[in-house]
Amino acid sequence: MKGLIVTGDGKLRLAADVPMPEPDDYEVLTRTLACGICNGTDLKLIEGGLRGFTDYPAVLGHESVGEVIKVGKKVRNYQAGDRVLRTILKSSASYNSLWGSFAQYGYVNDYDARVEDGLEADIGTCTQQVIPGDIDPAEGTMIITLKEICSALHRLGLEKGMDVAVIGCGPVGLSMAALSKLMGARKVVLGGHHSKRIEAARRLGADLAVNSKETDLVSAIQSYVPEGVDLFVDCVGRTQIIDQGMQVVKETGKIGVYGIGMHTGDRIDWDKAPYNFQIHAVQWPIAREERKVHQEVLGYIQSGQLDLKDFVTHKLPLEEYQRGIELVRSREGLKVVLEF
């Protein structure tokens, strides 16, 4: 079958010799319908720059929607025709798997059935969950990002009435701003430097959206929330952004670090910080926590409070993967999805 292969040196190719998955009795075989390009993780994996991931060549992808086509005899929670999130691929003798969602076929594990039967189950597969069949599969890939962000906000301790600042205007930043408002934040400020995305942030619920190329971000936040924000979230991963956060977070407030762009040797100017504040990293999903917000996120979508079309800007056939990567790198595309 076909699959997108990365070698960790910036190269990406479409191979036709990826072995078909062989699900066991607690797994289902899925046909991949669509998979989104992750603006952060996937680009770093292509370049070989994601800490802890060195097993190349590998099949890329982790933001997929698939359709169940074959069910193992001990599966109890999936049936043929179900649309499911995060269909993945296991490593083979030919290729390792960097989750492997950019392959024509994958598998989903019936996590609950394994646990009920007293067996060990990969905790990561607990986030493989069914979505409504009336959601467009390409748009449905964005639900994965939304679940990760919703879970991160809960982990950061977002409560109703808090004032929040979000820095970054990619899919993560816009999702963070939109969900903060839906989850009850009083004031939400978004900072970024892409004019079209700044406009989108306002439509998605940001009370103030600041173009940091045109306006001093710290001054804008201090003017809008003079008492300081309760939660400041860096969605990019830059020490300069953390420096900005320390100037606008209130005493006993929190700086959340979601972005993964920082490097050894980067320095933080601690003199800008209040005497009492927290830094809380939420740079990687926690499977059990992500699983908990599945219905919450679907509720926002099904009630019309979130429109997936606001995030998914491009849908391309799998064969146009190079154009998809270019759209992400150039920032012309917000969420770019490859369809099978």
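Select Lys160 to begin, which is exposed at 73% relative accessibility, where exposed means over 50% relative accessible area, buried under 20% and partly exposed in between, with a 1.4 Å probe and protein chains only. Lys160 is found in the loop between helix 4 and strand 10; helices (H or I, at least four residues) and strands (E, at least two) are DSSP runs numbered from the N terminus. Leaving out residues up to four places away in sequence, Lys160 touches Met183 and Gly184, contact being heavy atoms within 4.5 Å. To get a sense of scale, draw a distance from Lys160 to Gln244, 84 residues apart along the chain, and the C-alpha atoms are separated by 24 Å.

Before going on, note that this is a predicted model, in which local features need pLDDT of at least 70 and side-chain atom pairs count only at pLDDT 80 or more, while totals for chains, interfaces and linings use all residues. Residues are numbered from 1 along each chain as its sequence is written, and side-chain values use heavy atoms, with hydrogens and water left out.

Now select the largest nonpolar core, which has 52 residues; a nonpolar core is a set of buried Ala, Val, Leu, Ile, Met, Phe, Trp, Tyr and Cys residues joined through side-chain atoms within 4.5 Å. Ile143, Leu146, Leu179 and Leu190 touch the most other members of this core. Among the elements giving two or more residues to the core are strand 3 (27-36), helix 4 (142-155), helix 5 (171-182) and helix 10 (294-302), and helix 4 gives the most, with 8 residues. In soluble globular proteins, nonpolar side chains tend to be buried together. Centre the view on Ile143, whose contacts, not counting residues up to four places away in sequence, are Leu85, Ile131, Ile135, Val297, Leu298, Ile301 and Leu308. A second, separate core of 22 residues includes Ile37, Leu45, Tyr56 and Leu338.

Helix 10 is followed by Gly304, whose phi is positive, near 85°.

For the aromatic residues, select Phe53, Trp99 and Trp284, which ring pairs link into a cluster. Rings of Phe, Tyr and Trp (its six-membered ring) pair if their centres lie within 6.5 Å, and planes under 30 degrees apart count as stacked, over 60 as edge-to-face and the rest as tilted. By this rule the count comes to 3 aromatic pairs. The rings of Trp99 and Trp284 have centres 6.1 Å apart and planes at 40°, so this pair is tilted. The pair links distant parts of the chain, 185 residues apart, with Trp99 in the loop between strand 7 and strand 8 and Trp284 in the loop between strand 15 (278-281) and helix 9. Trp99 is partly exposed at 27% relative accessible area, and Trp284 is partly exposed at 40%.

The last stop is Ser101, in the loop between strand 7 (96-97) and strand 8 (105-109). Is Ser101 buried or exposed? At 0% relative accessibility, Ser101 counts as buried. The side chain of Ser101 makes a polar contact with the side chain of Ser64 at 3.2 Å; a polar contact is a pair of N or O atoms within 3.5 Å, where within protein one must be able to donate a hydrogen and the other to accept it, and residues adjacent in sequence count only if both atoms are side-chain atoms. Apart from residues up to four places away in sequence, Ser101 touches a set of residues including Thr32, Cys35, His62, Thr87 and Phe340.
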